[in-house]
Amino acid sequence: MNDLAHIAFEEQGRVVVARLAGEVDLSNAGDLERSILGAVPNTAEGMVVDLSVVSYLDSSGIRMLGEMAERLKWREQRFAVVAPEGSRVRGVLTIAGAEAVVPYEDSLEAALDRVRGRG
Amino acid sequence: MRAALRRTGLERRDLLSMAVLGAVYGVTAFLSLRLALVEDNVTPLWPPTGIAVAALLLFGTRLWPGIALAAFIVNLPITPSPLAAAVTAAGNTIAPIVVVWILHEVGFRTELDRIRDVVTLLVVAPMGMAVSATIGATTLLVSNEIIQPEYWQTWSVWWAGDSMGVLVVAPLLLIIWNQAHGRYPSPKPIALLELFGVLCILVVVSLLAVTADVSVLFLVLPIVGWAAWRFQLWGAAPAALLVSSAATWAAVQNRGPFQGEDLLDRMITLQGFNATVAFTAFFLAALVAERARSREALERGSAELEVRVEQRTKELSDANLRLRGSERQLAEAHEMARIGRWEWDVGTGDVTWSEEMFRIHGADPGAFPVTFERAMAFVHEDDRTRIREDVEALLAGRAKNKAPDIEYRIVLPDGEIRNIHARSKISATINGAPVRLLGIVQDVTELRAFEREHRIADTLQHALLPASFPDVEGAEVAARYVPAETGLAAGGDWFDVIPIGGGRVALVIGDVAGHGLEAASLMGQLRLAVRAYALEGHPPGVIAERTDALLHEVAQDEMATLLLVVLDVEALAATIVSAGHPPPIAISADGARLLPVVSAPPLGLGSHGPFPESTVMVDGGATLLLYTDGLIDRPDLPIDDGIRRLLAVAEANADVAIVDICDGVLGAMVSGDASDDIALLALRLVPVEEGSLTMRVPAEPESLQQVRRRLRRWLETADVPKQVRDDVIVATSEAVSNSVRHAYGPSSAWVEVQAALSNGDVEVVVRDRGRWRPPRGSGGRGIGLMRACMASVDIEQGEDGTVVRMRRPVRSAVAT
């Protein structure tokens, strides 16, 4: 994996939070997907990917997020993305019409609530 | 008076000399006349003539007027008329002049120390005096002073008197003068005493002889001889004067042996006696003097010879010493240069080897008798034929007396093979028959081994360095490697340029300690290691750390410096790691500066880092210069001076084209041969184009980041608003992603992106060599993004690739 993007993981209860920084494109999307999915144990309730500080996300990134959602759904784990209103990622997700595939929220709290089934 | 003197060529002191000469002449003449035999004016001893001859000899004939005047005055009272006196005086003057003139003509020397001078005087004086005698006697006859029968008597007395005056008086005056002027050695006082004694005895004997009734004049001769033999001229002259005077006196007085003779007989006896005495005395004196002189010359000669023999002997022995010294030095030089010398007498077949020749052949000097065949036995069998052919050519005269230099191998008894460089020539008789062959050989084994290793190391070094660099988007790169000229030149220094994706390039330069094959091969391994770690995507600090560990692993004792600069061509940021390497230089419009580095120890020490990174920003258009210490490290200058000079040189070369910048810097920094390897790597950032953007990137995912950054900078420069900027970047990145995804094979390895502003639109064209269609379904999200971001997207698929054309108005907040 190149150093275009960095990930930091933390656990919020039984939810794994992956904070992404940098840029996501064709060059690192696959690697990121494997890293992030590998960090989610079967015991976890679900996962949140925080894209608040990601400066660029392309169609590969959207596909990555979609596939993560698919996999977790298949594992009966929930998934949400943090993409605050006005951020670069939110713009891309919006114009790509990704809302149906990638569930995104404005804040980490909202995303966590959604994963915990309270949203 | 003065003018008159000048006209005659005379000087005042000549006049004085004439006066003194005249006075002496006159007084002597007056006294001599008392011995007159004929009338009152003919005397049998006339000293004035001797005085005149001596004076004219010593002081020059120009003094004649003194003599003429004095003679005239002396003759005036004793001749019948002034005319007769004048004529007589003329005769008295002419005679000495004639004598002196003849003596000068025959090379007479007044020192009288040669027999020929004495003989000349004894012959010439009477001849000359015939003049004065003839003139004087004739004058007396003409003026009736004498009668015809008396003429010959008168003539003979006159002639005898004048002659004796010259013979007896002139030598005495001459030797007194010459003695006074130091032309003879000074006599010892004891000798003077002996001379005085001899002269006393001579006086007594003379008086006895001239007064005795019996004719015993001859008794004086032994004593005269004694004086002449013992004291040479100093004995002869006074002795001759004394004896002549005594005899003359006796003749005048008509006494002793002259008793009862008539005048003519007396004159004949007297002149015969006087001439005999004078001749004996002076001849003997000159003979002895000459003998003494030749003995002296002989002694001087032999002494000189002895000195010269001694000198020559010393010179010879010195030369001998020097020769031995230089022979020893030559032998030492031969030993050091491993040069052997040989000689082959063709006639006898004898071969002579120098001591070093034996040593080169692995033997003690003189260890065996050498023959041609014995020497050939040493030669490697593959080289023997060649040597035999050369020797035959030499002997047959085909090789023009000098064989071309050859190189061959010899095999020592222990099997060691040595390389020999040989040079030989022939010396022959005039008709070309060979007499002997001689030559020198040099053991060049070490030299050849050295050259071989040098060549291999040089080849290896060049093979291990990158032959060309990949294109680096947004930058130009150039590099030079200069091997050291001395010693085992090549090896150790390296550089590399590695594009690592994302618009970044790793610049590498390093230096393995040492030279030669080992350094060169280790360099090759390190270069690949750094390249591999860099391509794996490690940050510079990690690359250095891993390379350090690897070097420590593969070569325990080796050490290398390393400088890594990872340059983000778009962001203009350089991340630098230095392991004991000099810092890079950045040249920009503001001048040249050293980029700050946090220096870590060289690689290979097993220090395990850390290798701290430092990041600096560089100007767009800046040139980075990476170098090895061979460029700045000169034995005659401190290293800080070298860096200062390099900064100045770098600044001076700021505007030079990148392909020439390395040569420019090397030319200014290195004068003459490099003493250490030098590697130099230069990278220049190409400033962003104002009007349009064109870039060509590898069709790989890592290029996307680079495309986005360059496009962002260009859009910023073109004052495109942020919203539009972001949308154009997204769309372009998606287009390039499609190209990358569908790239296959080498022909589709590149993607070209062009961006321009036209009619208020941003226009982007993405071209590739692949064939792809907009996929259907969800996979078409990229196309969807492109269409969403741009006002128009046109995808055109042709035979040789796909072209995506997109437009977006600059001043419209919404894409569609």
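A crossing of two helices is left-handed if the near helix is turned anticlockwise from the far one by less than a right angle, and right-handed if clockwise. The model is predicted: local features need pLDDT of at least 70, side-chain atom pairs count only at pLDDT 80 or more, and totals for chains, interfaces and linings use all residues. Residues are numbered from 1 along each chain as its sequence is written, while chains are lettered from A and ligands numbered from 1 in the order in which they are written.

**View 1. Packing of helices α7 and α10 in chain B.** The crossing of α7(B) and α10(B) is left-handed. Helix α7 spans residues 151-180 and helix α10 residues 263-337; they pack at an angle of about 20°, with axes 10 Å apart. Axes are lines fitted to C-alpha atoms, for helices over the stretch in contact, and angles run from 0 to 180 degrees between N-to-C directions. Angles under 35 degrees count as roughly parallel, and α7(B) and α10(B) are therefore roughly parallel to each other. Among the contact residues are B:Q153, B:V157 and B:M164 of α7(B) and B:L263, B:M267 and B:F282 of α10(B). Two residues are in contact if their C-beta atoms, placed from the backbone, lie within 7 Å. By class, this contact has 12 nonpolar, 4 polar and no charged residues. Ala, Val, Leu, Ile, Met, Phe, Trp, Tyr, Cys and Pro count as nonpolar, Asp, Glu, Lys and Arg as charged, and the others, Gly among them, as polar.

**View 2. The contact between chain A and chain B.** Chain A contributes 18 residues and chain B 21 residues. On the side of chain A that touches chain B, α2 (59-74) and α3 (88-95) each supply at least two residues. The largest share, 4 residues, comes from α2(A). This side of chain A divides into 8 nonpolar, 4 polar and 6 charged residues. The predictor gives the complex an ipTM of 0.91 and a pTM of 0.41.

**View 3. The fold of chain A.** Chain A has 4 helices and 5 strands, in the order β-β-α-β-α-β-α-β-α along the sequence. Helices (H or I, at least four residues) and strands (E, at least two) are DSSP runs, numbered from the N terminus. Of its 119 residues, 45% count as buried, that is, with 20 or more other C-beta atoms, placed from the backbone, within 10 Å of their own.

**View 4. Confidence in chain B.** The mean pLDDT (the predictor's confidence in each residue, from 0 to 100) is 83 for chain B, and 92% of the residues score at least 70. Confidence is lowest in helix α1 (residues 2-8), at a mean of 50, and highest in strand β15 (residues 623-627), at 94.

Note on methods:
Parallel < 35°, antiparallel > 145°, perpendicular 65-115°, else oblique. Buried ≥ 20, exposed ≤ 12 C-beta atoms within 10 Å, placed from the backbone.
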